[in-house]
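Subject: Structure for you to look at

Hello,

Here is the structure I said I would pass on. Please open it beside this message and read the notes below as you go.

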Amino acid sequence: MYVNSSDILRIFEMLNNNKVKYVLLRNINNELPNNFKANKDIDILVHPSSKEKLHNLLKNNGWKKIKHPLDNGLDFIFLYNMDKFEMFTKNNINLDICYQLSCRSLNRREWIPIDQKINDSVWINRKINNIYNWYEMSDEDQLIHLLTRCVFDKKKFEDGYVNEIDRLLGFTKIDNIKQKLELIFFKFTPYLLDLLKSHKYELIIKNYIQFKDY
């Protein structure tokens, strides 16, 4: 069963009208707003300054806070004063809310925020989608988010992510993202960029884990 697209768009209208500072975190395979299955998650990044406003807004509009699916102890450890992920549900739609761009450590799998410069860039460079009227990240920041998610969180490059990364690479100058990537991947960055240019996604995670020259 698919959710009515108007129900999806009303969520963003609510956020916009109440001046919640947010961006849609990702829209893999362009599921939103027309091909979104019931009980799936809409992933949204909210600025920490809007957290209380968001809570009040969702409560007043009939959204119920539920236990986050990752909240089983082992997968729900947050470092460096990160805000924990939250989930709210209403009418077969789940809102998966985070308050910082983050990734998982490769050793003990804790959640850690990525560099503050990148988190700041999200809010400086966010843009409005002129078709659906929701806020989203710049192409550069979205590309960096998807790369870190594949490498650190998912530990694989799924087809939908590869297609979206390829699309974003077409709009992004490599020199513009190199400095940001170095904040995450350090001296592996040139090798990462070479693998992206040659579309060798299957080698990225393996080569990164084996990389020793930090």
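Rings of Phe, Tyr and Trp (its six-membered ring) count as a pair if their centres lie within 6.5 Å; planes under 30 degrees apart are called stacked, over 60 edge-to-face, and the rest tilted. The model is a predicted one, in which local features need pLDDT of at least 70 and side-chain atom pairs count only at pLDDT 80 or more, while totals for chains, interfaces and linings use all residues. Residues are numbered from 1 along each chain as its sequence is written, and side-chain values use heavy atoms, with hydrogens and water left out.

Aromatic rings

There are 16 aromatic pairs in the structure. Phe76 and Phe78 are edge-to-face, because their ring centres are 4.9 Å apart and their planes stand at 85°. Phe76 has 9% relative accessibility and so counts as buried (under 20% relative accessible area; exposed is over 50%, partly exposed in between; 1.4 Å probe, protein chains only). Phe78 is buried too, at 14%. The rings of Tyr132 and Trp134 also have centres 4.9 Å apart, but with planes at 25° the pair is stacked. Trp134 is buried at 2%, whereas Tyr132 is partly exposed at 26%. One aromatic cluster is formed by Phe152, Phe185, Phe188, Tyr191, Tyr208 and Phe211.

Core

A nonpolar core is a set of buried Ala, Val, Leu, Ile, Met, Phe, Trp, Tyr and Cys residues joined through side-chain atoms within 4.5 Å. The largest has 45 residues, and Phe157, Ile165, Phe185 and Leu196 have the most contacts inside it. Helix H4 gives the largest share of this core, 7 residues (helices are DSSP runs of H or I, at least four residues, and strands are runs of E, at least two, numbered from the N terminus). Apart from this core lies another, of 25 residues, including Val3, Ile8, Phe12 and Trp134.

Largest pocket

A pocket is found on a 1 Å grid over the protein atoms alone: it is an open set of points where a 1.4 Å probe fits, with protein on both sides within 12 Å along at least five of seven lines, and lining residues have an atom within 4 Å of a point. The lining of the largest pocket has 29 residues, with Arg26, Asp43, Asp96, Arg149 and Tyr161 nearest its centre. H4 gives the most to this lining, 5 residues.

Regards
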